[in-house]
Amino acid sequence: MVDYPMYRRLALKRIGDLSQADDVLHGFCLKALERATQLRDTRAVHGWLRRLFETALLDHYRQASRLRARTVSLDEGVGSLADQPGETLWLDEEFVVQHTLSRMRPGYAALIRQVDLSAHEPAAVAEELSISPNNLAVRLHRARAAFRNALADSPVALHV
C-alpha cells in the first residue's frame with residue numbers, strides 16, 4: 001500500500017509550499033497510474049514509486065527554474081529597462097496581451113479577443129461562426145493554450 005501522507009510530507013519538506021507540493025504529488029500519482037503497466041516486479045513497487053516521485057520533484061524544479069529564467073522581479077534591482085541586454089521587459093499588461101495575440105494564429109487571436117477580451121457571449125460567437133457551442137469550446141480551449149504558450153515565450157516583468 002502506498003503511503004500518500006508520507007509522500008505529501010516529503011514533497012512539502014522539499015518544496016516548502018503546500019499548494020505546489022500538492023501539485024507535484026498529484027502529478028506523481030497520475031504518472032504512477034499511467035505507468036503502472038511498466039512495473040515488472042510487484043515486490044519492487046516502493047523503489048519504483050520512489051524513483052517516480054524523485055522524477056516528479058526534478059520536473060517541478062526544472063519547470064520552476066525555467067520560469068525564473070524567463071521572469072525578472074522588479075524588486076531585484078533591475079534598473080531601467082534600457083539597461084537590460086537582449087530582451088525587453090514590458091510593464092504594460094495590455095501591450096503584452098496585444099503583442100502576444102499578434103504572434104498567434106489569427107483565428108485563435110480573434111476568438112480570445114471576442115470571448116475573453118470583449119466579453120461576447122459564447123453562444124453568439126458560435127452562431128456568428130456557424131459552429132456548434134461545443135466546437136467553439138474546443139477552439140477556445142486550444143486558443144487559450146496557444147496564448148499561454150506564446151505568453152510563456154515572452155519576457156515578462158513581475159510586479160512584486
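Visitor: In what order do the elements of the chain run from the N terminus on?
Guide: The chain of this predicted model has 7 helices and 2 strands. Read from the N terminus on, these elements follow the order α-α-α-β-α-α-α-α-β.

Visitor: Among contacts between residues at least 6 apart in sequence, what percentage join residues at least 24 apart?
Guide: Contact here means heavy atoms within 4.5 Å. Among the contacts in the chain whose partners are at least 6 apart in sequence, the part that joins residues at least 24 apart is 59%.

Visitor: Are α1 and α2 parallel, perpendicular or oblique to each other?
Guide: Two packed helices are described by the angle between their axes and the distance between the axes. Helix α1, residues 4-15, packs on helix α2, residues 18-34, with the axes 8 Å apart and at an angle of about 130°. Angles of 65 to 115 degrees count as roughly perpendicular and those over 145 as roughly antiparallel, and α1 and α2 are therefore oblique.

Visitor: How many nonpolar, polar and charged residues make up the contact of α1 with α2?
Guide: The crossing of these two helices, α1 and α2, is right-handed. On the α1 side the contact is made by Y4, Y7, R8, A11, L12 and I15, which meet L18, Q20, A21, D22, V24, L25, H26, F28 and C29 in α2. Sorted by class, the residues of this contact are 11 nonpolar, 2 polar and 2 charged.

Visitor: Which residues of α5 does α4 meet?
Guide: The axes of α4 and α5 are 9 Å apart, and the two helices pack at an angle of about 145° in a right-handed crossing. From α4 the contact takes in V97, Q98, L101 and S102, and these meet, in α5, the residues A109, I112, R113 and L117.

Visitor: How are α4 and α7 oriented to each other, roughly parallel or roughly perpendicular?
Guide: The axes of α4 and α7 come within 9 Å and cross at roughly 110°, and α4 passes α7 in a right-handed crossing. Because angles from 65 to 115 degrees fall into one class, α4 and α7 are roughly perpendicular.

Visitor: How many charged residues does the contact of α4 with α7 have?
Guide: In this contact V96, V97, T100 and L101 in α4 meet F147, A150 and L151 in α7. By class, 6 of these residues are nonpolar and 1 is polar, while the number of charged residues is none.

Visitor: Is M104 buried or exposed?
Guide: M104 lies in the loop between α4, residues 93-102, and α5, residues 106-117. Leaving aside neighbours within four places in sequence, M104 is in contact with A109, I112, A143, A146, F147 and A150. Because the cut-off for burial is under 20% and the relative accessible area of M104 is 10%, M104 is buried.

Visitor: How far apart in space are M104 and N149?
Guide: In sequence, M104 and N149 are separated by 45 residues. In space, taken from C-alpha to C-alpha, the two are apart by 9.7 Å.

Visitor: With which residues is Q114 in contact, leaving aside its neighbours within four places in sequence?
Guide: Q114 lies in helix α5 and is buried, with a relative accessible area of 17%. Once the neighbours within four places in sequence are set aside, the contacts of Q114 are A119, H120, V125 and E128.

Visitor: What is the phi of A119?
Guide: A119 has its place in the loop between α5 and α6, and with a relative accessible area of 60% A119 is exposed. A119 is not a glycine, yet its phi is positive, at about 60°.

Visitor: Is S130 buried or exposed?
Guide: S130 is found in the loop between α6 and α7, and its phi is near 60°, a positive value in a residue other than glycine. Because residues over 50% count as exposed and the relative accessibility of S130 is 67%, S130 is exposed.

Methods: Residues are numbered from 1 along each chain as its sequence is written. This is a predicted model: local features need pLDDT of at least 70, side-chain atom pairs count only at pLDDT 80 or more; totals for chains, interfaces and linings use all residues. Side-chain values use heavy atoms; hydrogens and water are left out. Axes are lines fitted to C-alpha atoms, for helices over the stretch in contact, and angles run from 0 to 180 degrees between N-to-C directions. Helices (H or I, at least four residues) and strands (E, at least two) are DSSP runs, numbered from the N terminus. Angles under 35 degrees count as roughly parallel, over 145 as roughly antiparallel, 65 to 115 as roughly perpendicular and the rest as oblique. A crossing is left-handed if the near helix is turned anticlockwise from the far one by less than a right angle, and right-handed if clockwise. Ala, Val, Leu, Ile, Met, Phe, Trp, Tyr, Cys and Pro count as nonpolar, Asp, Glu, Lys and Arg as charged, and the others, Gly among them, as polar. Buried means under 20% relative accessible area, exposed over 50%, partly exposed in between (1.4 Å probe, protein chains only).
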